[in-house]
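Let's take a walk through this one, stopping at a few side chains along the way. Have the viewer open and follow along.

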Amino acid sequence: MILPETMVRVEILTDKRNVNNVVTKLLNLNAFEVDDSKAPISQYKYEEARRNLGETSENINKIKIIMELGGIEIEPKGKLKVSDWFETATEVNKEYSKIEEKYKELLEEIGKLRAELESLNTQLSEIEPFKDIGISLDLLYKTKYFEVALVILSNEQRNNLEKTERIAVYCNPFAENKNACIITGPKGINLETKLKEIGVRRFETPDMISPQEAYNNVQEKIKYLQSILGERRKELISKVEQDREWIAETYGRLLTVRDAMTILSKARVSEYYVQIEGFLREKKLKNLLDELGGLAFITYEYPKRYAENEGETPPTYVELPKSIKPLESVIELYGVPSYWEISPTVFLIITFPLLFGLMFPDFGNALVIFIFSLWFYNYGKKKGSNNIKQLSLVLIYGSIIAMITGILAREFFGPLAVGGLRELLNNPAYPNGPLYNIWPVPQSVYEQIKYILPTGGAEQGIVNSIILSLLLGSILLFVSSLLGVINAIKKKDPEFLVLDRLPILLIYTVPFIIFTYGLTNLSNYIGQVETLLGGIGYFLFKTGSPAAGSTQTLADILVIWVELALIYNWAGKVIILRKHEKMSAVGAIVFGFIEGGFEAGILLLSNTISFIRVLVFAVAHYYILYAFSYMGYLAAGQPSTVITLITNPIALVIIIIGNLLAIALEGLIVFIQDMRLHFYEMFSKFYEGKGRKFEPQVTYVEILS
């Protein structure tokens, strides 16, 4: 789950007569990814396999289009009898041609309708800037005393024309650097020539009718074609549903043939033998040897260490439970882990939902996101979009933690439902909310954790929550830097370890010590950290008073530690630039200081401080909903109960708008900020993401010999 599985590179040499059996067994193994031969036995390949692969891949794309237009997701299944893979490929592609023939006419009609709609939408966008002009262009362009033109101008073209004598320009900006303009001038100014000089042409409509009429005509055509397209798609959906089994079996066979042809297209062929090479999961090596022992001669080797693997990148496979596998989609936005890297997925499954929940602690709002995520997942499943399904699951995980933190923070669509008017007005004379007495976390418990989740009027906890955010950030940054060192050790790259990763770990150990120092006295955690920070400030600026005893000594050591770590990082960058970039000594020292000293120091501060946003977003979320609740309270005439408040139509609309903004905008912002903290603050310390995904050739159907 943490480290990529060990791969072996296998070479299979078999008699030509056995090649079909070998390919079948490799597909059934579901753990072999074919690759080009490193030491080929000949220059010859199966050209027929390459041709079949192209045809099969094209047919797979076509059948996916049928499924997409049919609005259903079909899982491949079925059986496939194989004696010769080339003959099987021909038969399966012929089988698909029957499906294509059946749907050809309907698909062509849908394609033409979509192309025509796209063309009409383009026309509509061209006419839209002038759609309010009701006079026909034939009349407008043939006036007796004036020359007139409707044109689209850039800002520069507009400025040039406005400086031209005897020409009046009236413009309405409608897009970035685009203006819908009416240009006019007296007869004889030769307006057409001037427009050509600046590279624009008059706007025209069919038969020179008015833009307003042309716009309405195009809209009517679009509406008509959309209705026809809807009917044709319903017809297609009905047919696809009837042929579901047939399509599923053909789809499975096509996918299996594609993978078989992929293996054969990379195989090398001599007069009597076939050579197949590729990567295999080590766990499946014994299975391979058992299956092919009587059919082929097999040799294998393990990938060399990172520094010795020039020109070859082993594929990466990390075995993950299905429940957390969707988080791979977040990781892959950054890049696929290399074969020598720790996979950050397990790290992410803890930190991503945790940070999301801490930044968005509202049970009601999180519940809405959870319900939306379930709908979005089903929508992705219906559309056959794996990306949508994985994104939905990531949102589901985050919203579940946000519901938990919302329960702890006693928030349900803002302060009214639980805290009521007493919390909103900070006045014990007013009543609590209707959910106050049945809320799972009582007020007494919240009083103990309000310094971590400072909502519900806990203004005094904001400073403390900032320090606790920095504690969380310092731990995550330290762990990230430590993972960077472990990755360098795993790569067996001592230069990378000593000159790049180790100085980063030393730098980010300092904030880790600062913000965990308070854990030595949990009852006075905040005071301990503030004392140490004060000691650091005294050492740097000689202001205030020194910290007591050993705390000031630790503060002095930490400042010196940072300075030495930055110098070490600077020296490491100088050596790397001199050795690998062939930079001059002066250039290496200057650029090494910029990157290894100055920039690293700035990043130390910015990366650590960046985590302040975690609980600050929680505070911001609370006060946005607080503000909308208070506006609703005023709009309702300052009622004395929550029920009176939320039954007032105007107040209810205001509160709903506030919550919708919080759910949509804050939910999106929190998700983005969560991604940012991982990608820029954490992943940059240990994760390169320059690997390639393990994509074995597999069977999608049961193969019968």
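What follows goes from a disulfide to aromatic pairs, then to charges over rings and a glutamine. Keep in mind that this is a predicted model.

Start with the sulfurs. The structure has one disulfide, and it joins Cys-171 to Cys-181, with 2.1 Å between the sulfur atoms. Look along the S-S bond and you'll find an angle of 110 degrees, which makes the link right-handed. Cys-171 sits in strand β5 (residues 168-175) and Cys-181 in strand β6 (residues 178-186), so the bond ties together parts that are 10 residues apart in sequence. How exposed or buried are the two ends? Cys-171 is partly exposed, at 21% relative accessible area, while Cys-181 is buried, at 0%.

Now for the rings. There are 26 aromatic pairs in the structure, and one of them brings together Phe-352 and Phe-671.

Tyr-622 and Tyr-626 give another pairing: with ring centres 6.0 Å apart and planes at 40 degrees, it counts as tilted. Both tyrosines are in helix α21 (residues 613-635), and because they are four residues apart there, about one helical turn separates them. Tyr-622 is buried, with a relative accessible area of 3%, but Tyr-626 comes out as partly exposed at 22%. For a group of rings, turn to Phe-363, Phe-412, Phe-413 and Trp-439, which make up one aromatic cluster.

The charged end of Arg-9 is placed over the ring of Phe-279, 5.1 Å from the ring centre. Lys-490, in turn, lies over the face of Tyr-339, 5.9 Å from the centre of that ring.

Last stop: Gln-552, in helix α19 (residues 550-580). Is Gln-552 buried or exposed? Its relative accessible area is 8%, so Gln-552 is buried, given that the cut-off for buried is under 20%. Which side chain does the side chain of Gln-552 make a polar contact with? That partner is Asp-556, at 2.8 Å. Setting aside neighbours within four places in sequence, Gln-552 also touches Gly-535, Tyr-538, Phe-539, Pro-546 and Ala-547.

Note on methods:
Residues are numbered from 1 along each chain as its sequence is written. This is a predicted model: local features need pLDDT of at least 70, side-chain atom pairs count only at pLDDT 80 or more; totals for chains, interfaces and linings use all residues. Side-chain values use heavy atoms; hydrogens and water are left out. Helices (H or I, at least four residues) and strands (E, at least two) are DSSP runs, numbered from the N terminus. Buried means under 20% relative accessible area, exposed over 50%, partly exposed in between (1.4 Å probe, protein chains only). A polar contact is a pair of N or O atoms within 3.5 Å; within protein, one must be able to donate a hydrogen and the other to accept it, and residues adjacent in sequence count only if both atoms are side-chain atoms. Contact means heavy atoms within 4.5 Å. A disulfide is a pair of cysteine sulfur atoms within 2.5 Å. Rings of Phe, Tyr and Trp (its six-membered ring) pair if their centres lie within 6.5 Å; planes under 30 degrees apart count as stacked, over 60 as edge-to-face and the rest as tilted. A charge sits over a ring if NZ of Lys or CZ of Arg is within 6 Å of the ring centre and within 35 degrees of the ring normal.
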